[in-house]
Amino acid sequence: MNADDVRPAAVTARGWGWRHAGRSRPAISGLDLDISPGERVLLLGPSGAGKSTLLHALAGVLGEGGGADADADDADETGSLLIDGAPPRDRRGRAGLVQQDPETQVVLSRVGDDVAFGAENLAVPPAEIWARVGEALDDVGLGSLPLGHPTSALSGGQKQRLALAGILAMRPGLLLLDEPTANLDPAGVLEVRDAVGRCLDRTGATLVVVEHRVSVWKDLVDRIVVLQPGSAGESAVLLDGPPDRVLAEAREMLIAAGVWVPGHVPATRARSAGGTGQGPEPGLEAGRLLLAAESLAVSRDRPRRGGLRTRFRAVPPVPVQEGIAAQVRAGRALTITGPNGAGKSTFALTLAGLLAPVAGTVSATTDLSAGAGIDPYAWKAQQLIPRIGTVFQEPEHQFVTGRVLDELTFGPRQLGRGADRVDELLERLRLRDLVDANPYTLSGGEKRRLSVATVLAAHPQVLVLDEPTFGQDANTWAELASFLSELLDAGTAVVSVTHDAEFSDVLGGDELKLQGAAA
Amino acid sequence: MREALTLEGNRALLARANPLAKFSGVVLVTVALALSIDWVSASVALVFEVLLFPLAGLTPALLWRRGWPLILAAALGGWSTAILAPDRGRILVDVGLWSISEGSLQLGLGFLLRGLAIALPAVLLMSCTDPTDLADALAQQARLPHRFVLGTLAAMRLVGLMAEEWQTIGMARRARGVGSHGSPAQRARAMLGQSFGLLVQAVRRASRLAVTMEARGFGGARRTWARQARFTGLDVWVVLGGVVIAGSAVAAAVAAGTWNMVFLGQQ
């Protein structure tokens with residue numbers, strides 16, 4: 001009966017455009033679009049087409065919350081964008097937005113309070129809020145959690161569903177989802193998608209979702225709108241229609257734009273030596289053992305100083321995974337898979353000499369250590385980078401300068417050699433035009449390519465990557481996979497933590513499957 | 001670090017009391033103890049406080065884990081007072097420059113006990129008060145602006161995340177060849193770089209969180225509260241408890257003749 005409270009919203013855009021403060025070109029311009037109440041729209045288009053800008057505008061948060069738009073006076077809006085005939089800002093609570101980063105979707109530290117937050121802000125009477133909270137949690141499949149459950153204990157997929165519940169409790173007529181599953185593993189993606197589907201079926205709300213992975217949302221939406229990067233006088237909408245028709249008509253164009261079109265795996269370079277490593281070895285060096293882990297237990301926590309009872313000796317942390325054995329060989333790929341919380345990243349970071357083992361050993365063979373000692377964790381940073389390079393999940397964590405070119409020359413400068421490789425990397429990873437840009441201002445795909453290039457500039461023999469394909473468009477994905485396959489053939493060992501089966505198929509090699517949490 | 005923001009299932013009696021009532025109780029005790037340096041008032045208050053531990057769900061081990069810096073500071077303060085205060089009465093120990101007399105020992109002991117008696121209620125308060133409940137009470141009952149209170153509460157959740165972020169950035173920088181070894185100057189530089197990285201991430205996270213809150217209608221003039229902060233009968237007892245502890249401490253000291261007003265003359 002409460003579904004009756006939800007009145008689906010209509011969206012109307014007429015010649016709408018937005019230029020962010022401090023930018024010379026508009027993020028989106030000339031948008032004409034009508035979305036009728038209850039429609040479900042998937043928004044596609046190359047990066048830079050203004051998809052996120054449109055969602056933020058509909059959510060009424062453009063120019064808010066600091067960042068590039070802190071100075072909203074300098075931003076510029078043209079045309080009109082209306083929800084139910086009024087500007088989104090005047091329609092507080094009519095639209096609810098879920099964004100990409102699960103960590104910043106959570107506001108409060110208890111599940112029930114977090115869901116109640118939006119409804120409180122809309123001045124809903126308290127008694128009704130709790131009814132809505134229970135209902136919203138049931139809708140997203142989190143109904144079994146106690147209201148006092150700590151939000152920090154939720155997985156990424158659960159956090160995104162919690163965010164959805166927080167939106168639902170506001171009873172919005174328009175759901176806006178901005179790549180809600182880009183940071184999730186496959187199970188999390190389905191959890192969120194199914195929760196959205198259930199909620200829409202029940203409430204009949206209008207949906208606008210932005211996502212590269214069409215196959216996830218294709219069956220849930222009844223319309224696809226393809227946007228194109230704005231140029232004056234041209235329409236922002238390139239294509240608009242039912243999913244099957246748009247996908248058939250625009251297939252080639254969408255593939256070229258890096259959209260993940262169902263049934264299409266982007267072409268990648270094949271391993272010349274055969275992915276399994278059983279083919280002819282490309283060089284003398286391939287197959288040599290470089291790094292081995294034995295009965296390894298891993299944790300991100302450091303040993304804790306004990307109390308009286310342990311006579312003040314250090315107490316080792318509880319490992320998230322133990323008894324791991326693995327071998328890293330030159331020219332061979334090693335893929336680490338397993339469910340969330342199994343300690344995959346922690347293991348990879350320990351293998352890479354960045355975390356100290358809780359128990360067991362990580363040892364470098366003399367081929368890798370070349371006089372630096374057996375334990376990678378004990379190496380100095382300058383000894384580490386030409387031996388083991390690590391690409392983190394979030395590229396921004398690794399940026400240390402304010403300019404793309406400086407990022408690339410940073411490693412070689414630390415080492416005092418290898419600057420000659422920078423030019424090749426710029427070319428190979430298509431960063432040539434960006435040399436003077438600030439790394440933080442790049443697009444997601446560009447940041448990923450840069451972070452790989454910066455680590456490779458030190459010419460490591462072992463490359464460790466943590467979820468390198470998360471949230472990447474199909475073009476970046478294919479480039480990355482091809483590039484790594486080339487590196488493997490050249491004798492580099494590649495260790496990757498990934499949920500992406502297609503990606504590990506391209507690289508071949510061995511798979512190390514970690515089981516659920518040791519506890 | 002992140003768990004510190006909830007009470008981890010603390011179901012103790014005092015965890016259910018209103019944060020403002022608990023705070024008033026603590027203020028009462030603290031003010032009474034701050035007035036005099038003497039061991040009688042401090043010990044009386046201490047005895048009461050130790051008796052209250054179970055009501056706050058605190059065990060000695062937990063207390064040590066959360067309050068050891070305060071406890072150490074109190075001990076250190078007591079010790080230095082004992083050796084540095086002007087001697088009065090019989091000299092007990094004399095090692096050249098340092099001497100401990102009956103008078104200075106008494107003063108030092110008073111200092112130690114008083115330090116503990118003032119520090120423990122704060123630890124007690126923190127371990128049985130959920131930050132969310134505190135925010136509710138501050139905004140609804142103390143009438144602080146809700147934008148400020150809720151903004152601070154949401155930001156506090158990010159502080160825990162930032163501790164993890166610091167570790168990740170440290171590792172990520174090592175993977176770029178930035179060492180944290182070397183001369184003090186090099187270490188300081190590395191630390192500065194890492195701090196900058198953290199600052200950038202903190203700002204980005206904060207602005208995304210602000211968008212999240214804004215998108216959930218935060219910032220309007222009027223809002224309701226799903227959790228109503230209210231005073232109950234329990235809170236009367238909590239405040240009364242504060243009055244009793246403060247009162248008996250003062251009365252015992254006066255009766256024992258050790259009451260020793262610190263600020264006498266300034267008041």
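Which residues of the largest nonpolar core touch the most other members? In this predicted model, local features need pLDDT of at least 70 and side-chain atom pairs count only at pLDDT 80 or more, while totals for chains, interfaces and linings use all residues. Residues are numbered from 1 along each chain as its sequence is written, and chains are lettered from A and ligands numbered from 1 in the order in which they are written.

The core holds 209 residues, and L58(A), L164(A), A165(A), L176(A), V462(A), V495(A) and A45(B) touch the most other members. A nonpolar core joins buried Ala, Val, Leu, Ile, Met, Phe, Trp, Tyr and Cys residues through C-beta atoms within 7 Å. Buried means that 20 or more other C-beta atoms lie within 10 Å of a residue's own, with C-beta atoms placed from the backbone. Helix 4 (residues 102-127) of chain B gives this core its largest share, 10 residues.

Chain B has eight helices and two strands. These are DSSP runs, numbered from the N terminus: helices are H or I, at least four residues, and strands are E, at least two. Along the sequence, the pattern is α-α-α-β-β-α-α-α-α-α. Chain B is more spread out than a compact globule, because its radius of gyration is 24 Å, well over the 18 Å that the globule rule gives for 267 residues. The radius is taken over C-alpha atoms, and the rule is 2.2 Å times the number of residues to the power 0.38. Of the 267 residues of chain B, 38% count as buried.

Technical notes. A residue is buried if 20 or more other C-beta atoms lie within 10 Å of its own, exposed if 12 or fewer, and partly exposed in between; C-beta atoms are placed from the backbone.
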